[in-house]
Amino acid sequence: MPINAATSALNLSFSPATTTGFVIPQSRSFTVTVNPVVLFSILDHYLRRQENQDRVIGTLLGVRSEDGSEVEVRNCFPVPHNETQDQVAVDMEYHHNMFELHKKVNPKELIVGWYATGANLNQWNALIQDFYSKAVLPFQAIHLTMDTALKNDEKLLGVKTYVSAPIGISGKPENCLFLPVPCDVKYFNAERSGLDLLASAMNEPSRTTSLISDMDNLEKAILTVQEMLERVADYVNKVLEGSVPANNTIGRFLMDTISVVPKIDKAEFEKMFNSHLQDLLMVVYLANMTRTQLAIAERLQLLV
Amino acid sequence: MASTAPATNSKDGLANLSLNVTAALDIEGTIPLESVQLDGLVVLKIIKHCREAFPATVSGQLLGLDISGVLEVTNCFPFPSSKSDDENELDVAKYQVEMMRCLREINVDHNPVGWYQSTYLGSFLTPNLIKTQYFYQQTFNNKSVVIIHDVSRSTHGNISLRAFRFTPSFMEVQKEGKFTNESLQKNKLTFSNMFEELPITIKNSHLVTALLHSLNEYEPLPTKALDKDKVEVPLTPNFDMLELSLDPYIEKNLELLLDSVEEFGQEQSNLAFWQRSYAREQTKIQQYMQKRKQENQSRQAAGLEPLPEEDINKLFKLPPEPSKLDSLLITSQINNYCKQLNQYAGPTLGKLFVVGELQK
């Protein structure tokens, strides 16, 4: 990658494995956002790996901004590969087929990089990275790793993203430097509710959950708000008593929140409230009426 | 659901007898479906596909297995959105075969168990859906469902996923292919028993549970949180449900309801027209018959051969009875809208009163 020549020269002394903990200043800000569905797919792929396979790899699809500095990973698909002590084989044909198929559904999603499970980077990563770099020219390929073995200190599924830079005077494909780049999980409003639902199964021993009705959902939301209000009230009281030092940031936040509450004249509000209520009750009444009519029609049909 | 289970079983007594034996090993596939279990991945994939294509409706294939009455959906893939008709259909078929082949290679359950479709405010009951679902249920021995995902409702903070399949009586009528009064009577089919809804549960794998916990560990930093445009941290509490702009949803719903009622009115006038023309033809036939009888009587009196009476069917053609399928669908749809309004009204009333209390 010519754009990063300066940076890579600077870090020549680091071997790929040791760079993992560093955040190397990039010549340009480079951000990666990942859609949760990608992480879920990777985990599913890992669960369905071959018996004797330690890790799995696959292609990441997504969109990037015009200058290539912001990448949004939206989708991915697995690619079968075979890895031994002294060689690695990736099913290229499969990769191409699958990409063609995905293109039919969503032509906007392009190859942006690849993923692998396991926290360690080894010499094969560099080779595969070389292949993907060629596929996404003139941009940089992203490499995303997920620590499915949970071997790290925090015992989390560490998601890390890297870009690569060539290393050495004569650029050999197996020599490259992986530079960590910041990575965020990002989702859309519609996905939010889905993720919330999945998260509700998080603490269940059976790992299952069922859909809840709108009413229950509302109750949950109100309870959460109540709890938050209590926490804030508790904190404010403590600050007033002097048992907790005041935090300006939090104070400013609270101020912001309170100023958002609209001030409405009482009579005005009464009017709005009542008209809304009437509208709603009317709609409900009419809807019930229609349903009753339908039910009667149904009975009549069966009687004839 | 309980009432339909014996109905499907009693169709073949043999299966009923050996039910206990095969309950553990569902070799024959005789145990009827009772619920649908979705993998977390499937839920997210469906949401992603439907959201990206919104407001167009899209569909896709569900893959999985059925195990003793529970349909486990473990993966899915989207169908390319349809552009033109004929060649596209061929394309989709090819795409499906290719995709299944590819997925088999990476150990995904490659057994189709149904399909999903996105919808807008619950307006999913279309002739197309009927056609596709009928095809699925016929091919896969009644063990196939259609999952309906309502994008517009999911943005209100509560995801809307529903699993449907046809009841045996609807399958029977659809098989005969005629939706006349008579056949509807015979199978006791009305709008409320066309579909049955199956309960949906959602299951996460262990690794996914670990991932969710990892996402939850993300601590928001105060400096970061000050910036309001920043992406939200995963799994912070969701307050979409407390949104107070209630009118657009109800408005849209009522609009759709009105449209349906109008369509229904049209169906009714169609039916009335048919009835009138049917009655007219009937009287014509009767008149003709009477005339023929008189003629024959007079011919008999004159000692001549009576004229044949069989050719009435050739002379008069009774107008065919219009299919009741459309009106069934429309009634079902109207019922659906009304239900939705009612469902929505409950929490909305609650919200209104909460706001009322807050203002005091």
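I started at the strand pairing: in β8(B), the bridge partner of A:Thr208 is B:Lys203. Strand β11 of chain A (residues 208-210) is joined to β8(B) by 3 bridges, and the two run antiparallel. Helices (H or I, at least four residues) and strands (E, at least two) are DSSP runs, numbered from the N terminus.

Housekeeping: this is a predicted model, where local features need pLDDT of at least 70 and side-chain atom pairs count only at pLDDT 80 or more, while totals for chains, interfaces and linings use all residues. Residues are numbered from 1 along each chain as its sequence is written, and chains are lettered from A and ligands numbered from 1 in the order in which they are written.

Next I looked up the whole interface. I found 79 residues of chain B in contact with 69 residues of chain A (C-beta atoms, placed from the backbone, within 7 Å). On chain B's side, α14(B) gives the most, with 19 residues. That side divides into 44 nonpolar, 24 polar and 11 charged residues (nonpolar is Ala, Val, Leu, Ile, Met, Phe, Trp, Tyr, Cys and Pro; charged is Asp, Glu, Lys and Arg; the others, Gly among them, are polar).

Last, I checked α14(B) against α12(B). Their axes come within 9 Å and cross at roughly 160 degrees (axes are lines fitted to C-alpha atoms over the stretch in contact, and angles run from 0 to 180 degrees between N-to-C directions). So α12(B) is roughly antiparallel to α14(B) (the cut-off is over 145 degrees).

Note on methods:
Contact = placed C-beta atoms within 7 Å. Pairing = 2+ DSSP bridges. Parallel < 35°, antiparallel > 145°, perpendicular 65-115°, else oblique.
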